[in-house]
Every structure is written in structure tokens, then in C-alpha cells.
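Q: I am new to this structure and would like to learn how to read it. Could you take me through it feature by feature?

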Amino acid sequence: MGEIPNNQQIIEQEHLYLAQTYKRAPFALMHGEGVRLFDADGKTYLDWVAGIAVNALGYGDPELTQAIKQGVTSGLIHVSNLYHTAPQVELARMLVESSFADRVFFTNSGTEANEGAIKFARKAAYEKGRPDKHQIVCFSGAFHGRTMGSLALTPREKYQQPFQPLMPGVVLAEFNDLDSAAAAIGDRTAAVIIEPVQGEGGIHVATDEFLRGLRDLCDRHDALLIFDEIQCGMGRTGTLWAYEHSGVSPDVLTAAKPLAGGLPIGAILMTEAVAAAMHPGEHGTTFAGGPLVTRAAQVVLKRVNQPGFLQNVREVGAYLVERLSEINSPLVKDVRGRGLMVGLELTIDAAAVIEAGYEHGLILVNAGPNVIRFVPPLIVEKKHVDELVDKLTAILAGMV
Ligand SMILES: *Cc1c(COP(=O)(O)O)cnc(C)c1O
């Protein structure tokens, strides 16, 4: 290879060889440590993105690194789902014992988990002799993924319009509006899918009453309630699962982003009644739930699901909201969220602030045009919040 490339060299090659589907930041990341990232020119950044709510244990966690090393030295990086492996079974047991669920199906990503949830829901209705009961209800502001089924449940014109026709049978209702949900849910509803805290849509928390109302409507119409906790689950909001805040149990829950600490994984958690609708050969995947990723995920789940770990998420999350709310700037419109899933709504485009953040050594991401979304590694501390708020205050002061 010769010399180690710098930012500019890597970016030039990216422009030459990659499909241009991403608007990437003007640097290349080379190394990570705790909550900090280092680029190819040696610059350090404090990370408030965590690979978009993925790197729950931050970078270079010794226990996670060790588990992945062990997974590699076993020789079994991949095994088909035609064969049993201990790590997959063990992770499923841990997920079941830490949630409402009775059974688990593994996938490779979030969108695949939602695709699977759609199939399980439709199959459950089909098994009852109701192939006409195929509709899926979703909500304004939702993000469920980029594949054709999940995309059909993601009502953003820019994401959907060029790719029509999408999966039919989708009914849209207003988020946090129970009357709208009641009008959308009926006898032909197979399932209702909702993020208990919306991520991409701008960090919006579903109210407890709304989730309870959806549970009632689903029960009344024999429809499944699916919680998409791909972003808000696994400790992000200060409880292991976001639904715990409301006391409302779903029939199906999808998880992904942080589950294996950065390795690709997704999971569909479900009740026995849902699982019973699917039989051998009716759904499957080549890679998912392999021994390497499921071994890594055990480490993440074990660590996150400790009272002290979750308490840190709640405390630092509350401190983050408090400190962001203290920023005295006419550009700040709202601060909201739960745990370490926080949005700062601005009166201006978030892009300019994110660009300035890079200059100041901050990694930030938006959620919609005007919201900066904070979804850091869950190991972040109050001193990091102080560092963030100092820099952000200076950035915003320079923009009025
Ligand atoms: C990221 C995300 C997805 C899609 O996950 P991918 O792994 O990118 O396919 C689905 N739902 C929610 C809530 C997400 O945040």
C-alpha cells in the first residue's frame, strides 16, 4: 500500500469509485477511542453520532474487542442457519429474558427486521384464514428503512416517489393523534408499526396515552402492534427497551443498530402467538445471526442491561437536555428527547451548524432539516456534555 493516505486522498478516491448516494463529511475516519474519533490528518473529534445510534459502547471497548477476536479464532465466522450454534441460541435467550418476547428471528439490518415483521404480521392474518387482512398502518414522520416494504412505511416523498410502486396496503395516520389512528385501524389491519421515539423524523416521543390507545385499537381489531426500536431500543432512552416507559407491550419489536456494538445485526422479537404463524422454510436469510455477531451482541446486551449503565444514560441524558436548554441563542427553538436520544431544534438549517461542528472537533448529525440529533455512545459522561455545550454555544453565537 505504501504511505497511509490523508483526508484529501481518500476523498478524491471516494468521488471516483463510489456511487454518490451519501453527502459525506469532509474527512476520513481512521481510529476511535472511547467517545473520540480521529481522522486521517490526525484531527480529534468528540462523537455525538455513534455511527447513528450504533456504537453503544463507544470505540475500542476491550470486552467487545475480545469477544470479536474469540469469534474469529473459533474459525466459525459464518455458519448457515441450517445448523445450530451456541452463540445464536444464547443471544436469543438473553433477548427473550430481558423483554416481553417469547421468540427471536435474527436479521442483518434494521430494514430487514422490519421487512420480516411485515411478513410475520401478514402470515399471522393469513393463518387465521384472513388473507384480506393485510394492511399495515404507519405514522407521519416515521422512518422504517429503505427496502421496498419498510420504505412503503416511511412517508417521505424524497425517499418514496422515485421508487414507486412500493408495497401496497399501507395506511397512514398522524403521529400522536389517536383519532387519526382510530380512523386508520380497522378489520383489514394486519399490524400497526410505530417508533416509540421517532429518530429520523426529528426526535419525537410518542405519548404514553397514544401507545396505550394503539394497544387498545390493535386488541379491538385483532391487529399486531409492532414497535420499531431499531434506534430507540437497547438502552438508548435510559431503559433497556423504550416501550418500558409506557408500560405498553407490543406483539413484535424490531431491534438493530446498537445490538452488536457496530457489527451488522437486526432482530425481530415476538410473542409465541406471532412466532407460531411461521413454519420452517417460510422465511430465512443467509448471513443473519451468525456466531461472530451474536457473540459480540451478547457482550453489548449484558453491559447495557445493567442498572448502573442505564442509570448513566438517564443521568447524562437529563444533563444534556438541561445544558442544551441553557444555551441562550435566538437560533434555538426546542430541546426534546429521552435518555441519550435528544433533539435540538433550530430556527436555521442544521447543516451549517454541523459543518461548523467539524471545524470545532464535534461530530454531529441532523434529523430532518432543522434538528440536530444527539445519539452518542451510551458511555458518554457529563464532562463530554460540557465540552459539547461550550463549543455549540460558541458556534451558535457566531451565526447570529
Ligand atoms: C435506522 C433505522 C431503520 C433502518 O435500519 P437499517 O439498518 O439502516 O436498515 C429502521 N427503523 C429505524 C427507527 C431506524 O432508525
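A: Gladly! Let us begin with a pair of helices. An angle under 35 degrees counts as roughly parallel, and H12 and H14 are therefore roughly parallel to each other. Their packing angle is about 20 degrees, with the axes 10 Å apart. Keep in mind throughout that this is a predicted model.

Q: Which way does H12 cross H14, and which residues make the contact?
A: H12 passes H14 in a right-handed crossing. On the H12 side, the contact is made by Glu315, Val316, Tyr319, Leu320, Arg323 and Leu324. H14 answers with Lys382, Val385, Asp386, Leu388, Val389, Asp390 and Leu392.

Q: H14 also holds His384. Is His384 buried or exposed?
A: A residue is called buried when its relative accessible area is under 20%. His384 has a value of 7%, so it is buried. Leaving out residues up to four places away in sequence, His384 touches Val35, Arg36, Leu46 and Trp48.

Q: What does Trp48 contact, apart from its neighbours within four places in sequence?
A: The list for Trp48 includes His384, Val385 and Leu388, along with Leu320. Trp48 is also in contact with Leu362, Ile363, Leu364, Arg373, Phe374, Val375, Pro376 and Val380.

Q: How should I read a nonpolar core, and which residues touch the most other members in the largest one?
A: The general idea is that in soluble globular proteins, nonpolar side chains tend to be buried together. Here the largest nonpolar core has 90 residues, and Trp48, Phe139, Leu214 and Phe374 touch the most other members. Helix H12 (residues 307-325) gives the most to this core, with seven residues. The core draws at least three residues from each of domain 1 and domain 2. There is also a second, separate core of 28 residues, and its members include Ile136, Leu166, Ala190 and Met278.

Q: Now for helix H11 (residues 291-304) and helix H4 (residues 86-97): at what angle do they pack?
A: The angle is about 30 degrees, with the axes 8 Å apart. That makes H4 roughly parallel to H11, and their crossing is left-handed. Among the residues that meet are Pro87, Leu91 and Leu95 in H4, and Pro291, Ala297 and Leu301 in H11.

Q: And how does helix H3 (residues 62-73) run against H11?
A: The axes of H3 and H11 come within 8 Å and cross at roughly 160 degrees. That makes H3 roughly antiparallel to H11. The crossing of H3 and H11 is right-handed. The contact includes Leu64, Ile68 and Val72 of H3, together with Leu292, Ala296 and Val299 of H11.

Q: Which phi do Asn176 and Met234 have, and where do they lie?
A: Asn176 has a positive phi of about 60 degrees although it is not a glycine, and its place is the loop between E6 and helix H8. Met234 also has a positive phi of about 60 degrees, again without being a glycine. The loop between strand E10 and strand E11 holds Met234. As for accessibility, Asn176 counts as partly exposed at 33%, while Met234 counts as buried at 1%.

Conventions. Residues are numbered from 1 along each chain as its sequence is written. This is a predicted model: local features need pLDDT of at least 70, side-chain atom pairs count only at pLDDT 80 or more; totals for chains, interfaces and linings use all residues. Side-chain values use heavy atoms; hydrogens and water are left out. A nonpolar core is a set of buried Ala, Val, Leu, Ile, Met, Phe, Trp, Tyr and Cys residues joined through side-chain atoms within 4.5 Å. Buried means under 20% relative accessible area, exposed over 50%, partly exposed in between (1.4 Å probe, protein chains only). Helices (H or I, at least four residues) and strands (E, at least two) are DSSP runs, numbered from the N terminus. Domain bounds come from an automatic or database domain assignment. Contact means heavy atoms within 4.5 Å. Axes are lines fitted to C-alpha atoms, for helices over the stretch in contact, and angles run from 0 to 180 degrees between N-to-C directions. Angles under 35 degrees count as roughly parallel, over 145 as roughly antiparallel, 65 to 115 as roughly perpendicular and the rest as oblique. A crossing is left-handed if the near helix is turned anticlockwise from the far one by less than a right angle, and right-handed if clockwise.
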